[in-house]
Amino acid sequence: MRRGTGRARPALVAPLSPRLARPVLAASLALVVLAAPACRSERAISTSSTSSPSSPAASRSAAPRPPSPRLTDPRWRLAAGDDPLESARLAEAEGATGLLAGLEDGGDIARTALGALPYADDADLALAPLAERARAASGPSLTPLLEALLGIAGRPPRPREPLDPDGARAAAAALVELSGRRDLPAEQRALAISAARALAERGLVDPRDVPADLDPAGPDAGSAGAQAPRP
């Protein structure tokens, strides 16, 4: 009879019978197969949520701008013609602030606003904004801006305190700058020179700073340049 060694023998795990092993193996394989696409799906959802173009910010930026109500406003439609009386009526109704807001619409509305601005009682408020736009403009879009500036600058003085003296001085400086740009067509430079001289008559800029190279030789040289409309 053998004596015990004092060590316990490890318990043996009985192997599964073939009848039970097959279902267990099948279940394990099913879990592995199902887990793989689930992981891929979570990664796809995470990626799409960060780069989806249908986010609220993207939707807002891609949304088309609604039509301007000025397109159907009878006053704006009537002022779009060549009747200065209708332009004056629009200017009286909108004022300089309302007409400047119309510039944001572009197209015919912007042209109508520029044509009406010289008729606004507070048109001097538009000098600085128009001058800034003129400095940034180029090509044919610059001409109507300069025409509006000349129309405002060439108006008879009003018996009141200046509405925006700092803005008027800034506009005068911008017009002097534009009048000296040799890269501009002579017609546009002539508009800028005339507008700058009109503001020089108000003491807003030194008349000696206004270029005179476009002035014709002769006794009428001092009156050269484009003529401002008189609202």
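Let's start with a simple check on helix H7: its twelve residues should span 16 Å at 1.5 Å a residue, and its end C-alpha atoms are 16 Å apart, which agrees. Keep in mind as you read that this is a predicted model.

Is H7 enclosed or open? Nine of its twelve residues are buried, so H7 is largely enclosed by the rest of the structure. The buried ones are Leu142, Leu145, Leu146, Ala148, Leu149, Leu150, Gly151, Ile152 and Ala153. Their cover includes helix H5 (107–116), H6, H8 and H9.

## The chain as a whole

Of the 231 residues in the chain, 31% are buried.

## H7 beside H9

Here is a handy idea for this part: two packed helices are described by the angle between their axes and the distance between the axes. For H7 (residues 142–153) and H9 (residues 186–200), the angle is about 25° and the axes are 9 Å apart. That makes H7 roughly parallel to H9. The crossing of this pair is left-handed.

Which residues make the contact? H7 supplies Leu142, Thr143, Leu146, Glu147, Leu149, Leu150 and Ala153, while H9 supplies Gln188, Leu191, Ala192, Ser194, Ala195, Ala198 and Leu199. Sorted by class, the contact of H7 with H9 has ten nonpolar, three polar and one charged residues. As you look along those lists, remember that an α-helix has 3.6 residues a turn, so residues three or four places apart point the same way.

## H8 and its partners

Helix H8 (residues 165–179) can be checked for length too. Its 15 residues reach 21 Å from the first C-alpha to the last, close to the 21 Å expected at 1.5 Å a residue. Buried in H8 are Gly167, Ala168, Ala171, Ala172, Ala174, Leu175, Val176, Leu178 and Ser179, and these pack against helix H6 (127–136), H7 and H9.

How do H8 and H9 meet? Their axes come within 8 Å and cross at roughly 145°, and the crossing is left-handed. On the H8 side, the contact is made by Ala168, Ala171, Ala172, Leu175, Val176, Leu178 and Ser179. On the H9 side, Arg189, Ala192, Ile193, Ala195, Ala196 and Leu199 take part. By class, the contact of H8 with H9 has eleven nonpolar, one polar and one charged residues.

Although Arg169 and Val205 are 36 residues apart along the chain, their C-alpha atoms are separated by 7.0 Å.

Then look for Glu86 in helix H4 (residues 84–102). Is Glu86 buried or exposed? With a relative accessibility of 15%, Glu86 counts as buried, because the cut-off for buried is under 20%. Setting aside neighbours within four places in sequence, Glu86 is in contact with Leu78 and Ala79.

How values were computed
Residues numbered from 1 in each chain as written. Predicted model: local features only at pLDDT ≥ 70, side-chain atom pairs only at ≥ 80, totals over all residues. Heavy atoms only, no water. Axes fitted to C-alpha atoms, helices over the stretch in contact; angles between N-to-C directions. Helix = DSSP H or I, 4+ residues; strand = E, 2+ residues; numbered from the N terminus. Parallel < 35°, antiparallel > 145°, perpendicular 65-115°, else oblique. Left-handed = near helix turned anticlockwise from the far one by under 90°. Contact = heavy atoms within 4.5 Å. Nonpolar A, V, L, I, M, F, W, Y, C, P; charged D, E, K, R; others polar. Buried < 20%, exposed > 50% of the residue type's maximum accessible area, 1.4 Å probe, protein only. Expected span 1.5 Å × (residues − 1).
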